[in-house]
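Here is a short briefing on a model and its contacts. Look over the sequence and the structure before reading on.

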Amino acid sequence: MTYCFYLAPQVPAEAKRLFAAAAANAGITADGVANVGSPRINAIALLLSREWGLKEFEAPLVDVLETNYEPTWDPERGEFTWGLGLGEEHPRGQYNGFLAAAEAVTPGAWTALSEAPMSPQPGLVEGVDFPTLALAEAHWEAGALRLGLKPQTSSAIGRPTKFKISGLQEPSHWRVEGEARATVRGSDLMIDTTVKDHRIALLPT
Amino acid sequence: MTTSTKLSDRSLGWLRYIHRKAHTPDDWSKEGKPHPHWDDRSDPPLASYPRFDLIDSSYAMGLMAQTTPAWREPYVAVLDQLLERHTGWWSANDWLTQFGDDPNRKDYPDMYRFLIPPELWGNYDAPGWTANGVEPYGIQMDPVAADGMLFYKGFFLVMLGLRSMIATDDRWNEPFKMIRDGDNTFEWSHTAIAAHLTNQWKDKPQGCHCENTKVWPL
C-alpha cells in the first residue's frame, strides 16, 4: 500500500492495480476493514480512495479512523491530532502525517501536486498571525480574492489583527468586502480586521 | 483534479499542531537529540527513525496548500523546519551508527521473520539496518553521496520537491551543509542531490540500495 502512494502520480494505472491487490491483502473492502491495527496502511488507503474517488473504500476506512484512531481536539490550542488509542504523551508523528494528508487530500490533488508547481497567484496573503488566526479559504475566483478566516480558539475571538496582500499589480485599485479595512502600504495592501470566523473578499474597484 | 476551496476544521487543527511541533526548538546535531515528539518508534525495524516523521509530516503541507493557493506561508514555514532538521546528524542516525553487519541479527524477534529469507535467519541483516561499511562499498559517511541510503536522499528529495512546488522562492537551491560533524560535513543543494541520484540510477539500472545490499523493487 505504501508504494501505491508514491506510484500514484507517476504511473497511475499500475498504482491502481497494485492498490487493488494491496487492499485485498490488507482486508480493505466495501464491507469493512479487517485490520484496524495498521494506521499507516489504512491512512494511505483512505488518502488514495479520496485521490481517486473510490467511494466504496472511503466509507469503511473513515469508519475505522473515527472508531479506532482517537480523533482528538486540544481546545486550549485549537489543535487536532489522532491519539490512535496508544495513550502516549505525543501523538505518533508518522501515522498522524498520513492521517492528516488523508484529511487534506481532494480528488486528484496528490497527482496535481506532483506534476507541476502551483500556479502563480495575482496576490498572496502574507503575515497572518498564525496560529491565532488561520485561513480556511484563500483563493482567487473570477478576479476576486476570497478569504475565510478562522480563530484559533474562542478566547482569540475579537482581537484586532492584520495581514498583507503582496504581489498585486496595483494595490490601490482594490476594495474589501466584509468586516475589514484595506490600506495601501508601498507595494502591498494591508488588511486590518478582527480574529473571528468570517469571510472577506478583495475585489477590483 | 476536483478543486476544493476550503480546509476542514480538522486540517486547520492539525496545521496548528504541526506548526507548533516543527517550531519547537530542539537539536538534531550529533551532540543533541530530537525532541521526543518526533516519532522514532513506529513500524520497526524499517521506519523507527525520527527522519520518517519529518517526511510523513510534509505531505499534508503540500496538499493543504492546494486548497488555499493564495496563502502558502505556514506550509512553507513548516516545511523549512522539517527540511532544516533533515540536514542534521540525527536525520541519518542509522547510517552514521550502524556499521557492518548487525551484531544482534541472531537475536531478532520473531516478528522480523516476514522480512528475512528463512534460510538466512540469524545470518542476515534486517531491513532497517543500514550496514554502512560493508564490502564492497566501504565506509561512506555522506548519506547522500553513498551508494546506499536511497531512502534517505529519495525522501529528502520528495520533501524538497514539495517545497519547490508551493514556495515562491528557491531557498534550498542555495548550497547548504549537511550532517555538520567536523570532517563529516557535506555540502549539497536540491538540484545537486537530484543530479547525483539521477546518475546513481543511470549507473545501476537494477536500482539503488536503501540499506546496503538491499535494493527494493520500487
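Against which elements of chain A and chain B do the buried residues of α5(A) pack? They pack against α1 (2-7), α3 (39-52), α4 (55-68) and β4 (79-82) of chain A, together with α1 (9-23) and α2 (51-67) of chain B. Contact means heavy atoms within 4.5 Å.

This is a predicted model, in which local features need pLDDT of at least 70, side-chain atom pairs count only at pLDDT 80 or more, and totals for chains, interfaces and linings use all residues. Residues are numbered from 1 along each chain as its sequence is written, chains are lettered from A and ligands numbered from 1 in the order in which they are written, and side-chain values use heavy atoms, with hydrogens and water left out.

**Helix α5 of chain A**

- Helices (H or I, at least four residues) and strands (E, at least two) are DSSP runs, numbered from the N terminus.
- Helix α5 of chain A covers residues 93-104.
- Its 12 residues should span 16 Å at 1.5 Å a residue, and the end C-alpha atoms are 16 Å apart, so the two agree. The expected span is 1.5 Å times one less than the number of residues.
- Of the 12 residues in α5(A), 11 are buried. Buried means under 20% relative accessible area, exposed over 50%, and partly exposed in between (1.4 Å probe, protein chains only).
- The buried residues include Tyr95(A), Phe98(A) and Leu99(A). Among them are also Gly93(A), Gly97(A) and Ala104(A).

**Interface of chain A and chain B**

- Chain A gives 63 residues to the contact, and chain B gives 56.
- About 5200 Å² is buried between the two chains, with 61% of it on carbon and sulfur atoms. Buried area is the accessible area (1.4 Å probe) that two parts lose on being put together, summed over both.
- Arg10(B), Arg16(B) and Met165(B) supply 16% of the area that chain B buries against chain A, more than any other three residues.
- Between chain B and chain A, 23 residue pairs are in polar contact, with both residues at pLDDT 80 or more. A polar contact is a pair of N or O atoms within 3.5 Å; within protein, one must be able to donate a hydrogen and the other to accept it, and residues adjacent in sequence count only if both atoms are side-chain atoms.
- On the side of chain B that touches chain A, the elements giving two or more residues are α1, α2, α3 (73-85) and α4 (150-166) of chain B.
- That side of chain B divides into 26 nonpolar, 17 polar and 13 charged residues. Ala, Val, Leu, Ile, Met, Phe, Trp, Tyr, Cys and Pro count as nonpolar, Asp, Glu, Lys and Arg as charged, and the others, Gly among them, as polar.
- The interface has 6 salt bridges. A salt bridge is a side-chain nitrogen of Lys or Arg within 4 Å of a carboxyl oxygen of Asp or Glu.
- Glu88(A) forms a salt bridge with Arg41(B), with the closest N and O atoms 3.2 Å apart.

**Two loop residues of chain A**

- Arg92(A) lies in the loop between β4 and α5 of chain A.
- Its relative accessibility is 12%, so Arg92(A) counts as buried.
- Leaving aside neighbours within four places in sequence, Arg92(A) is in contact with Leu84(A), Leu86(A), Asp39(B), Arg41(B) and Ser42(B).
- Ala30(A) sits in the loop between β1 (28-29) and β2 (32-33) of chain A.
- Ala30(A) counts as partly exposed because its relative accessibility is 49%.
- The C-alpha atoms of Ala30(A) and Phe57(A) are separated by 5.3 Å, though the two are 27 residues apart along the chain.

**Salt bridges within the chains**

- Over all chains, the structure holds 30 salt bridges.
- In chain A, Glu179(A) pairs with Lys196(A), the closest N and O atoms being 2.8 Å apart. The pair links distant parts of the chain, 17 residues apart.
- Glu179(A) is partly exposed at 49% relative accessibility, and Lys196(A) is partly exposed at 24%.
- In chain B, the side chains of Arg105(B) and Asp125(B) meet in a salt bridge (3.2 Å, N to O). Both residues lie in the loop between α3 and α4 of chain B, 20 residues apart.
- Arg105(B) is buried at 15% relative accessibility, and Asp125(B) is buried at 6%.
- A network of salt bridges links Asp80(B), Glu84(B), Arg163(B), Asp169(B) and Arg171(B).
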